[in-house]
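Hi,

Here is the structure I said I would pass on.

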Amino acid sequence: MLALTAGILFFCGLFCGFTALLPKNIKVNGIEVGGLTRQQAAGIIRQKFEEELKQKQLKICTKSGEYIFGYPEINYKDDLKTLLKSVKKGGNYTANYECYLCGLNEIAPDICRNESIFTVEPYAVFNREGAPFTYYAGNDGIIANEAQLKEDIKNSLNGSFENVTLKYTHVKRTKTIEDVKKDTSLLSAYTTYFDGENLTRTSNIRLAASSLNGSVLDGGRVLSFNGTVGERVKERGYLPAKIIVDGEFVEGVGGGVCQVSTTLYNAALLAGLNITEYHPHSLAVGYVPPSRDAMVSGSSCDLKIENPSRTPVYIRAQTGKNFVSFKIYGASTGTVYELSSEVTGSIPATQESTKQRDKARAGKDGILSNGYLTVKKGNETKITLIRRDRYSPQNAFIYDGEDGEKNDSQTAG
């Protein structure tokens, strides 16, 4: 019985509180609500406020135009619930309203993003053909202030709905075109020549050089010749031409590619790049001095070049009728690099007899040589021994005629 009585009293309290009438002669925001329930009073007061709110709009003015918002995008919250619980007979009260823009945290960033012009620093585009670089000036930035916009919107909505003007911060470029040009200076150029009438070898040279043309080597990165050029096989367009195998010149697919790697090797050293892997030929070649070559073969012998700087270097390759050339661009430090070589000895060729007339040839002594890199910066000059090489001799074969007479007039060079 006691529990039932308590339940009835609790229910009555809730119901009566919900339906209880406000005291007489009560005004809220100038509206007479005495004798009404709290719910009725709140509904009348809010209806009037919403009618007033519908007549208002928030206008955000920007450089490109205006953004306009109204009810119900603009909504509000009030303190009527608390206020109506505390009113007394004959009182005159004012309810507080706080207006807000629905989705402000999404709308403000969108407006600022649409109205901002982001800073673009001057930059260069590296070209495979024509002028090595195309330069662009970029632009200064005009960045809309999102935090200020949110604050101004809140102040406007809870003030007199005055127009909000978007505020901007100007952000200047930190570099100039001249800075970009300094970072794309010509660091080195190196050219070797070949017999343009040897069409298969010429084709191989052009194909390999084309694969390297336009390469960009970022600071601290290593370029692999084999990884960039790829496998030298017929399926990829490479043709048979002379290559060196076991100290002899023989026909092989991809002949001539070593002239491309050698030319790049010299250009890289002259640009101040680091050579982390290279291999000399077993025989001296005619297109560079001794100790200036770089042989590549399959996947076992590679040429690897490291960019020791923090800025990129750019590699241009060009082939003509009888030449292949590399130019390397990047940020100049004012250092000058020079290459030289010195023959330090010879390895005599031997002579052998042969019964095969087409095998007869003149011999060629082998070479012992050193390669040097000279580095000049300001008044300082430093010469460094960078390699020692041994190039094998090519032994002579003297044709032994059927009558037993030695005949060295039937030799091939």
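Let me start with His281, which sits in the loop between strand 18 (274-277) and strand 19 (304-306). Helices (H or I, at least four residues) and strands (E, at least two) are DSSP runs here, numbered from the N terminus. His281 has 5% relative accessibility, so it counts as buried; buried means under 20% relative accessible area, exposed over 50%, and partly exposed in between (1.4 Å probe, protein chains only). Leaving aside neighbours within four places in sequence, His281 is in contact with Ile244, Cys258, Thr262, Tyr287, Asp293, Ala294, Met295 and Tyr391, where contact means heavy atoms within 4.5 Å.

Before you read on, a word on where this comes from. This is a predicted model, in which local features need pLDDT of at least 70 and side-chain atom pairs count only at pLDDT 80 or more, while totals for chains, interfaces and linings use all residues. Residues are numbered from 1 along each chain as its sequence is written, and side-chain values use heavy atoms, with hydrogens and water left out.

Now the overall picture. The chain has nine helices and 27 strands. Its radius of gyration is 43 Å, well over the 22 Å that the globule rule gives for 413 residues, so the chain is more spread out than a compact globule. That radius is taken over C-alpha atoms, and the rule is 2.2 Å times the number of residues to the power 0.38. Along its principal axes, the C-alpha trace spans about 145 × 60 × 40 Å. Of the 413 residues, 38% count as buried. If you take contacts between residues at least 6 apart in sequence, 67% of them join residues at least 24 apart.

On to the cores. A nonpolar core here is a set of buried Ala, Val, Leu, Ile, Met, Phe, Trp, Tyr and Cys residues joined through side-chain atoms within 4.5 Å. The largest one has 39 residues, and those with the most contacts inside it are Leu212, Phe225, Val260, Leu264, Leu303, Phe326 and Ile328. At least two residues of this core come from each of helix 7 (199-212), helix 8 (225-229), helix 9 (257-270), strand 20 (313-319) and strand 21 (323-330). Helix 9 gives the largest share, nine residues. There is also a second, separate core of 37 residues, which includes Val28, Tyr97, Ala144 and Leu149.

Not counting residues up to four places away in sequence, Leu84 touches Leu22, Val28, Arg38, Ala41 and Ala42.

- Thr344 is found in strand 22 (residues 336-347) and is partly exposed, with a relative accessible area of 45%. Thr344 and Asn370 are 26 residues apart in sequence and 7.0 Å apart in space, C-alpha to C-alpha. Leaving aside neighbours within four places in sequence, Thr344 is in contact with Leu368, Ser369 and Asn370.
- Lys234 lies in the loop between helix 8 and strand 16 (240-245) and counts as exposed at 58% relative accessibility. Lys234 touches Pro240 and Val253, not counting residues up to four places away in sequence.

Last, some backbone details. Most residues other than glycine have a negative phi, and most peptide bonds are trans. The peptide bond from Tyr71 to Pro72 is cis, with omega near 5°, and Pro72 is in the loop between strand 4 (66-70) and strand 5 (74-78). Asn25 has a positive phi, near 55°, in the loop between helix 1 (2-19) and strand 1 (27-28). Phe161 also has a positive phi, about 55°. Phe161 is in the loop between helix 5 (146-157) and strand 11 (164-165) and counts as buried at 10% relative accessibility.

Cheers
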